[in-house]
Amino acid sequence: MSSSSPSGKELASTFNPADIESSLYSKWLKADYFTADASSSKEAFTMKRMKGYEVLWLPGMDHAGIATQNVVEKQLGAQGLSRHDLGREEFVKKVWEWKAESGGAILDQMKRLGVSVDWSRERFTMDEGMSKAVVSIFKKMHDAGLIYRAERIINWCPRCLTALSDIEVDHQDDAGEFVQIRYGEGEQSIVVATTRAETMLGDGAVAVHPDDPRYKHMIGTEVLLPLVDRMIPIIADELVEMDFGTGAVKVTAAHDPNDFEMAMRHNVPFVVIMNEHGVMAGTGTEFDGMDRFDARAAVVAKLKEMGRVVAEKRPYIHAVGHCSRCDTTVEPRLSKQWFVKVAPLAKASADAVRSGEVKIEPEALAPRYFEWVDNMHDWCISRQLWWGHRIPVWYGPNGEVEVVGPDQTAPAGWTQDPDVLDTWFSSGQWAFSTFGWPEKSADLAKFYPTSVLVTGYDILFFWVVRMMMMSTFAMDGVAPFKTIMLHGLVRDQFGKKMSKSRGNVIDPIEFMDKYGADALRFTLARGANPGTDQALAEDWIGGSRNFATKLWNATRFAMMNGANVNGALPATSELNAIDRWILSRLSETLRDVDSLLEGYEFARACETLYHFAWDDLCDWYLELSKETFASDNKASSQRVLGHVLDQLLRTLHPVMPFITEELWCTLTGGESLVVAQWPKADSSHIDKKSEKLISTLQEVVTEVRRFRNDQGLKPSQKVPGRFSGSADVLEYSSALRFLLKLEDKDFTPSASLEIGGIKIELDLTGSIDVVAERARLEKDLAAAKKDLQTAEVKLGNAGFMAKAPADVVVEIKERLGKTTADIERITAALAALK
RNA sequence: GGGUGCUUAGCUCAGUGGUAGAGCGUCUCGUUUACACCGAGAAUGUCGGGGGUUCGAAACCCUCAGCGCCCA
């Protein structure tokens, strides 16, 4: 069968995604559809290309400092090498090589998915341009007093050998131990509790709550610290919780952030007892040279021997920090690092959202944002890595410290700080430095601030907050986006997090190979409920593929029947009720989808389109219209069907770009959906009268089908039948006959049904299955009686009548009338069965 | 410990005051002029428990239980 088209193309009889995807993507790239023009007069936007906006979607990647360095180090490790064997320069070269190979994988995935990004603007955080911007912003922030260097307790990974920011630490419940140790002798003794016994070697004090009656008399005195035999003071600090443990805590200033704070307040000395590998060092005890965990056991054993262990709890489940990249237990460590003073930046970021300049979608996530920005600690930005932007600070021979800007050079003989910057320091500049900042570029003027940031809520704190802070600082108080749209994470089919260890990771390429990019995209969009994670199962991608196939076949069928978009749509007065109905449904669908998309309700928008396409269009419109298309009076319907498909394909294009492009171009002969106009709902098409009529037809069809099914008739078996009732329904008798396989000829009815005022008489040639029919009718009768009762109770309730809104009362009254009629009808039918 | 969310059909989830829904799965029938990646029909829920507000609660409030996430 042929399906000639304006494009001269024909649709293959089966849909195979692989046949069209890559060639269509090449077509779009070749046509430069995704390249944004900064000199355009159109309003800038990132998603509404089809609505006539100048759209820029800028692709790129960050350099993922720790993660990337770890991967390359691991590869070296397999050859028995460390990065130090290569030296800094060689090592960084290796990382670049690795990046060139692997970075392409993500970009390939994006291309396979058909994303409409502007590849001419692709950026990488380690690019020359962005690197220059990093130095510029560092200097600008330093000059503004927002960057400082200080000795602090930071999170230290003894494996990666680098500092970590707070958010690079994951807290897990680990099975540790809780040990109570007696310090001092006789009267002058006090019991402290700890989960990290080995740190007692570095204790500088014991702290108690100032109001604790148990210890009040001891405040200001000293106790003997066992093993190291040093006298340490007992201090009072409000930070101590009286109810926790023994109410007395050891103060290890150099190895615990809380202790550090207390130590600063009370002048407690900082005693460092571990090296960067987490190995005990410099304590002058037998424990030097032991790994921290071995030392923990050894210290406890020794104290036990001395009779100083008062109580032990093991296992003691408590939260322990782990390196988010390698899972090693983090060790708090006193060290000199660079920090960003976040208070003013965080305040500006919070204010931008509070004032409404920036909107967070879904709104429910805004409190999390505030909780974070309102209570932010200073941000440790130095990392003891080689892969990343090297800190642009140089040290002179006489202790001078200078920040060297992008166009400056350090004096001879000075040395640069060996550390690099946190990855988020550079990716936090994405919103402006990708546009060429600090140059006042045309892109910057046109596209900053960007309209919407779409990202996962898991990096709200990592990335979004950094971008807010750095952008508002760099861009004179103007926030980087108008809307922050946060989506959930993809999880496995049971809603579990995907992880390599669980073995439940889904490879998008594999599923695109199997079901097509459109199917994957539609599945993801259809599951994207605001702010919540979505489960993803192969079956559901298969379901979306089925939907794509359905669209393909519907369009193919429509074209075989002459669907077209030639000339103006006929006036509604010239159309039959079926055509008026589908136009009405189309209009309502477009209206609903538009408002759902505006609210970022992608899942519900997809659901709406899915049901319009499959149920309204395929199951009902096409079936009801087959009669028309077989007749001579089909021109109007052909035009209407062409219009409906045209509009539907446009609307589905953002979620299913490939198949819609292929179908639409074939159907209409148009150039490309990428640059086609977004449909506008035509409210003049809304026609409640036709909707009511079609819903009566649907009811009749469904009821007769049920009857046929209950009577054991084969779907294809033809049976004589006729209708009687209101004229506007009878007008579609032949369509009904076609759907119900009813023959138009003289016969003596052996069964009759009545639905919605229409009487259907059938000849089942012989006796009908009375038992089956009786069972069905009785079931319906019970349901109708229950409905009737519900309605009667409501209408008989004085409170309901007095307080319920008028339209609800009307609705219930109508329901009462309908169920009453149903009961009469069913009762009569039952009586007639005898 | 603080914050926050969730609990609705076998599974994954929609549904913010007016007769409980979808997709997938299940059962029955079926190659009828797009489509078996299909069509038709069917079954399946005291909406986590208990209390309250209301004429009316899956939805609002309180409480209990279980699960999750973020942060310390």
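A polar contact here is a pair of N or O atoms within 3.5 Å. Keep that in mind, please. And remember that this is a predicted model.

Let's start with RNA strand B. Asparagine 553 puts a polar side-chain atom 3.3 Å from a sugar or linking oxygen of the RNA.

Which elements give two or more residues to the surface near RNA strand B? They are helices H9 (366-374), H16 (538-560), H18 (602-630), H21 (688-710), H24 (770-795), H25 (798-803) and H26 (806-832). H16 gives the most, with eleven residues.

Now the whole surround. By class, the surface near the RNA has 20 charged, 19 nonpolar and 13 polar residues.

What about the RNA side? Take the strand B atoms within 4 Å of the protein. Sugar or phosphate accounts for 64% of them, and bases for the rest.

Last, some strands. S26 (residues 719-724) runs parallel to S27 (residues 742-743), joined by two bridges. In that pair, valine 719 stands opposite leucine 742. S26 also pairs with S29 (residues 758-762), this time antiparallel, over four bridges. There, glycine 721 stands opposite leucine 762.

Methods:
Residues numbered from 1 in each chain as written. Chains lettered and ligands numbered in written order. Predicted model: local features only at pLDDT ≥ 70, side-chain atom pairs only at ≥ 80, totals over all residues. Heavy atoms only, no water. Near = heavy atom within 4 Å. Polar contact = N/O pair within 3.5 Å; in protein donor to acceptor, adjacent residues only side chain to side chain. Nonpolar A, V, L, I, M, F, W, Y, C, P; charged D, E, K, R; others polar. Pairing = 2+ DSSP bridges.
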